[in-house]
Amino acid sequence: MVLAGPSTHSAITLNINGEKHSLSVDHRTTLLDALRERLALTGTKKGCDQGQCGACTVLVDGRRTVACLQLAVAAEGREITTVEGLADGERLHPVQQAFLDLDGYQCGYCTPGQICSAVAVIEEHAAGWPSAVTGDVRPEAGPPPLTAEEIRERMSGNLCRCGAYVSIVQAVAQAAAAQTETTEAAA
């Protein structure tokens with residue numbers, strides 16, 4: 001007689017790019033594998049599968065997450081945004097546009113993760129979050145200038161094996177300036 005053990009699968013609903021997706025997953029399934037293998041959202045790339053390269057970076061509740069280390073079952077009920085969900089119809093997100101304008105990619109493999117990280121970096125900076133290179137970390141000091149040094153530090157979790165870092169830094173700076181202009185014009 002074989003005794004049935006606890007189930008190793010769960011039925012979950014993931015909210016990805018504003019759409020709900022219901023699926024049954026093994027408890028060990030990573031968010032990355034659920035996105036790519038189960039939902040055909042292949043913009044998110046599998047790089048090192050160890051959380052070290054950033055190629056699989058997505059936004060979970062607006063914060064950067066390496067999808068290869070996030071279990072799909074732990075993402076249930078959270079808002080997940082992949083690179084496919086950043087554009088507004090045919091209009092690219094300002095970060096996507098800046099990467100195109102300034103050649104912030106070469107082979108393009110790391111680009112989706114770089115773009116998702118850049119979106120979060122700009123938001124984190126605007127919210128006043130300091131980085132390891134921020135000189136004055138007191139909240140009343142406000143956000144530091146978004147210098148190339150700040151951008152490099154904040155994007156350091158995303159590797160580009162082609163070496164497009166100069167263009168990536170320029171693209172993040174351009175997108176952040178565009179967002180600041182838009183925010184100021186709306187005020």
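Modeller: Let us begin with the hairpin of β1 and β2, where two residues lie between the strands and N17 takes a positive phi near 55°. Please keep in mind throughout that this is a predicted model.

Colleague: How many bridges join strand β1 to strand β2, and do they run parallel or antiparallel?

Modeller: Strand β1, residues 9–16, and strand β2, residues 19–26, run antiparallel and are joined by eight bridges. One of the pairs to look for is I16, whose bridge partner in β2 is E19.

Colleague: In which sense do β1 and strand β5 pair?

Modeller: The pairing of β1 with strand β5, residues 79–81, is in the parallel sense and extends over two bridges. Within β5, E79 is the residue that stands opposite N15.

Colleague: Let us turn to backbone angles elsewhere. What is the phi of A40, and where is A40 found?

Modeller: A40 is not a glycine, yet its phi is positive, near 55°, and the residue is found in the loop between α1 (31–38) and β3 (57–60). Because its relative accessibility is 58%, A40 counts as exposed, the cut-off for that class being over 50%. D49 is found in the loop between α1 and β3 as well, and D49 also has a positive phi, of about 60°, although it is not a glycine. With a relative accessible area of 38%, however, D49 is partly exposed.

Colleague: For a helix, how does the reach of α3 compare with what is expected at 1.5 Å a residue?

Modeller: The 16 residues of α3 reach 22 Å from the first C-alpha to the last, which is close to the 22 Å expected. After α3 comes G128, whose phi is positive, near 90°.

Colleague: Why is α3 described as largely enclosed by the rest of the structure?

Modeller: The reason is that 14 of its 16 residues are buried. Leaving out residues up to four places away in sequence, H125 touches P143, P144, P145, L146 and R154.

Colleague: Which residues is P130 in contact with, leaving aside its neighbours within four places in sequence?

Modeller: P130 is in contact with V137 and R154. Its place is in the loop between α3 and α4 (148–154), and at 46% relative accessibility P130 counts as partly exposed.

Colleague: Finally, what order do the elements of the protein follow from the N terminus on?

Modeller: They run β-β-α-β-β-β-α-α-α-α, a total of five helices and five strands. Of the 187 residues, 41% count as buried, and among the contacts with a separation of 6 or more, 54% come from residues 24 or more positions apart. The accessible surface comes to about 10,100 Å², with 53% of it belonging to carbon and sulfur atoms. As for charge, the mean positions of the 14 positive and 22 negative charges are 6 Å apart.

Conventions. Residues numbered from 1 in each chain as written. Predicted model: local features only at pLDDT ≥ 70, side-chain atom pairs only at ≥ 80, totals over all residues. Heavy atoms only, no water. Helix = DSSP H or I, 4+ residues; strand = E, 2+ residues; numbered from the N terminus. Buried < 20%, exposed > 50% of the residue type's maximum accessible area, 1.4 Å probe, protein only. Contact = heavy atoms within 4.5 Å. Areas by Shrake-Rupley, 256 points an atom, 1.4 Å probe, with all protein chains shown as cover. Lys, Arg positive; Asp, Glu negative; His and termini not counted. Charge placed at Lys NZ, Arg CZ, Asp CG, Glu CD. Expected span 1.5 Å × (residues − 1). Pairing = 2+ DSSP bridges.
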